[in-house]
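Visitor: Please take me through a single part of this structure, up close. I would like its place in the fold, then one of its residues.

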Amino acid sequence: MDARVSLTTKEKVATILLNRPEAYNALDRETVGELQKLLLEAATDPGIHGVVITGAGKAFSAGGDIRGVMAHPQGPAAAFNVLAAYVHVCITEIRRMRKPVVAAINGVAAGGGFSLALASDFRVMARSARLKQGFTSNALCIDGGATFTLPRLVGLARALEIAAFDEPIEAEQALAWGLVTKVVDDGEVVAEARRMVHAVAKRSLHTFGWSKQLLTNSSETPLEAQLECERQGLLACVSHPDGVEGMTAFLEKRPAVYNR
């Protein structure tokens, strides 16, 4: 039996593939457990500079495996209690990872798949793909961190509109609303996502990690505390070999070489 999630590495970019195409890459406990393990592996491997997450077949991910949830012997509440916990760990690992994470949205991203894409640092979307939050159409509240990420991407009013009406969001609309970073032709999403990781990795990954952490935490941190976090981050960057290289290259008027 093929793994439900796989990881392959090429040129220091890890591609994590959700591999349940027959179920539109629906997220069940086993799938999310494998995803969590591979995210941790990618985060701690110094030979990996960034991560691309995509889906096999026609979908990025259709979200939670409702069929499996409804078949749970202890009922759907017990099933979702466990599944949500697994998903939340994955979302946390993506936001903690001090490397770029790019969602390559090759097809529909709905429900938990929508949330997974929004948790990523950047999103590349195929022209024929669609986004759909999906939860509220099934009388569920939004999960997977999307109540945190969605209003930060599009604003509270737009986020509530998406939650209330749950209309499918086509690629160009998603780009206009700021839900995705770039729209490309079908079949090009993974290649473009990889190029995006390489573009970030030409700069200092140490600096990217600090910037990601500071921006992620900024909305929950009072100004004085945030200023102190920035100061500590700046000191850490100045003391790092990449910081020394960046400042030296600036003074010597030459291109810097990072991540040695």
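Guide: Let us take strand E3 and its neighbours. Strand E2 (residues 13-18) runs parallel to E3, and 6 bridges join them. Helices (H or I, at least four residues) and strands (E, at least two) are DSSP runs, numbered from the N terminus. Strands pair if DSSP finds at least two bridges between them. From E2 the chain crosses through helix H1 (residues 29-44) to E3, a right-handed β-α-β crossover. Right-handed means that, with the strands pointing away from the viewer, the path from the first strand over the helix to the second runs clockwise.

This is a predicted model: local features need pLDDT of at least 70, side-chain atom pairs count only at pLDDT 80 or more, and totals for chains, interfaces and linings use all residues. Residues are numbered from 1 along each chain as its sequence is written, and side-chain values use heavy atoms, with hydrogens and water left out.

E3 also runs parallel to strand E5 (residues 101-105), joined by 3 bridges. Val51 has Val101 as its bridge partner in E5.

Buried means under 20% relative accessible area, exposed over 50%, partly exposed in between (1.4 Å probe, protein chains only). Gly50, Val52 and Thr54 cover one side; Val51, Ile53 and Gly55 are buried on the other.

Now Thr54, in strand E3. Thr54 counts as buried because its relative accessibility is 4%. Leu17 stands opposite Thr54. The Thr54 side chain makes a polar contact with the Asn106 side chain (3.2 Å). Such a contact is a pair of N or O atoms within 3.5 Å; within protein, one must be able to donate a hydrogen and the other to accept it, and residues adjacent in sequence count only if both atoms are side-chain atoms. Not counting residues up to four places away in sequence, Thr54 touches residues including Phe60, Ala104 and Val190. Contact means heavy atoms within 4.5 Å.
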